[in-house]
Amino acid sequence: MAATPTDAGVAALGEFTFECGREIPDLRVGYETYGEFDGDNVVLVCHALTGSQNVARTPDRDADAGQAGQARAWWDDVVGPGKAIDTTEYYVVCANVPGSCYGTSGPASERPADLEVPGEEPDHDRWGTAFPPVQVEDWARAQRRLLDHLGVGRLRAVVGGSVGGMNVLEWAKRYPDDVDLVVPIAAAARLDAQCLGLDAIARRAIRSDPNWNGGDYYGEGRESPATGLAMARQIGHVMYLSKASMERKFGRRSAGRDSLSREEGDLGLEADPAAAFFPYREVESYLDYQAEGFAERFDANSYLYLTRAMDEYDLAAGYGSDADALAAFEGEALLLSFTGDWHFTVEQAESVATAFRERDVPVAHHVIDSDHGHDAFLVEPEHVGPPLRDFLADGVEGRAVDDRGGDDEESESDRDPDHAPVHSSLFGG
């Protein structure tokens with residue numbers, strides 16, 4: 001059953017000063033709400049890197065061709081009537097973050113006509129790289145401003161996956177008195193060096209595309225840096241999948257000799273004559289397909305801005321430690337992690353759980369045995385849903401909430417015969 005949005009649109013929230021110290025005259029935030037507000041039933045859902053406010057399928061949004069993939073109904077198996085985040089019980093709010101391109105102010109947004117920008121005056125009406133640098137802290141502050149606009153005070157829960165989980169942690173740090181429950185899923189307190197390096201390569205792919213033009217590719221007759229953005233997204237997709245899931249889905253199989261007539265997946269690259277001797281593999285075909293669709297729906301500058309925000313985030317910033325950053329939070333926390341996720345690992349989630357424990361916050365670290373990689377939080381709703389549903393209802397005492405973190409010596413079957421490891425076949429099947 002599809003959820004029915006109570007409200008959807010773009011809120012004009014007035015002047016906004018970013019953490020970097022720069023400001024814009026009118027922050028606009030794209031958002032959707034689902035369900036009915038009763039005063040204390042609000043669940044804020046924080047989307048991942050390239051997601052949108054359209055968290056659930058709705059009758060009036062199904063035909064929206066401007067959104068696809070992670071942008072359109074990206075958690076429909078989790079949010080909706082009778083689902084884990086039940087929109088007949090909770091008032092669900094999801095807001096597109098500053099710097100993105102789905103209705104919220106960002107590089108692709110119109111800038112005020114009278115705005116002075118540093119350097120040469122651009123010949124288009126978009127912000128481009130004149131838009132202020134954004135950080136995860138700005139996302140939480142913009143969400144708080146939107147909730148005030150909607151008449152929402154305290155929240156039952158803040159839930160989010162990937163960098164959306166970092167967004168959740170920022171809520172526990174910045175607004176500890178405003179939320180009862182926090183659920184960071186497939187998240188960490190900060191990125192490690194490997195992910196920082198891969199993100200840097202992805203950004204360089206965009207900036208090396210001649211069409212990027214220093215970020216000024218907007219305007220009539222100009223091509224967007226689609227090739228660079230597509231390559232950046234391909235790097236991201238490899239990060240989101242596990243070695244096991246890629247082997248199962250693609251192996252070394254060829255996509256077919258007839259594919260060799262294509263120029264490297266139609267990404268605008270020059271043909272390599274020697275390539276005709278070698279197979280165009282299924283893994284290449286998959287990455288090309290995903291990248292081409294993404295380049296059609298997302299803004300390259302937004303990708304630069306959002307990945308930098310993710311890279312910069314550090315829960316302990318301004319404090320002595322992660323535990324100190326979370327010291328004022330008096331609610332409960334559930335961390336969900338996946339054994340096959342090397343982007344945000346089980347160990348990183350356990351580190352955050354330990355920080356909560358050090359400040360006597362009731363916390364459960366629910367580890368899901370999965371080889372799907374980072375994408376597991378999107379493609380395994382049957383394993384994400386039950387602990388999330390029960391945590392929203394009963395906190396860490398929820399029936400399906402299993403605190404398996406921090407105990408590597410004992411097998412799951414030894415710990416509790418009623419909680420056998422879960423396995424999913426969605427990705428391969």
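Student: How much space lies in the largest cavity?
Tutor: About 100 Å³. A cavity here is a set of points on a 1 Å grid over the protein atoms alone where a 1.4 Å probe fits but cannot get out. The volume is the space filled by probe spheres set on the points, joined across faces, edges and corners. Bear in mind that this is a predicted model: local features need pLDDT of at least 70, side-chain atom pairs count only at pLDDT 80 or more, and totals for chains, interfaces and linings use all residues. Residues are numbered from 1 along each chain as its sequence is written, and side-chain values use heavy atoms, with hydrogens and water left out.

Student: How many cavities of 30 Å³ or more are there?
Tutor: The count comes to one.

Student: Which residues lie nearest the centre of the largest one?
Tutor: Ala48, Leu49, Ser162, Tyr240 and His374, out of twelve lining residues. A lining residue has an atom within 4 Å of a point.

Student: And how does that lining split by class?
Tutor: Five nonpolar, five polar and two charged. Ala, Val, Leu, Ile, Met, Phe, Trp, Tyr, Cys and Pro count as nonpolar, Asp, Glu, Lys and Arg as charged, and the others, Gly among them, as polar.

Student: Switching to helices. At what angle do α3 and α4 cross?
Tutor: Roughly 160°, with the axes of α3 (residues 193-207) and α4 coming within 6 Å. So α3 is roughly antiparallel to α4 (angles over 145 degrees count as that). Axes are lines fitted to C-alpha atoms over the stretch in contact, and angles run from 0 to 180 degrees between N-to-C directions. Helices are DSSP runs of H or I, at least four residues, numbered from the N terminus.

Student: What touches what between α3 and α4?
Tutor: Cys195, Leu198, Asp199, Ile201, Ala202, Ala205 and Ile206 of α3 meet Gly228, Leu229, Met231, Ala232, Ile235 and Met239 of α4. Contact means heavy atoms within 4.5 Å. By class that is eleven nonpolar, one polar and one charged.

Student: How does α3 pack with α7?
Tutor: At about 160°, with the axes of α3 and α7 (residues 300-312) 10 Å apart. That makes α3 roughly antiparallel to α7. The α3 contact with α7 divides into seven nonpolar, one polar and five charged residues.

Student: Last one: where do α4 and α6 sit in angle and distance?
Tutor: The axes of α4 (residues 226-240) and α6 (residues 282-297) cross at roughly 125° and come within 8 Å. That makes α4 oblique to α6.

Conventions:
Helix = DSSP H or I, 4+ residues; strand = E, 2+ residues; numbered from the N terminus. Parallel < 35°, antiparallel > 145°, perpendicular 65-115°, else oblique. 1 Å grid on protein atoms, 1.4 Å probe; cavity = no way out; pocket = protein on both sides within 12 Å on 5 of 7 lines; lining within 4 Å.
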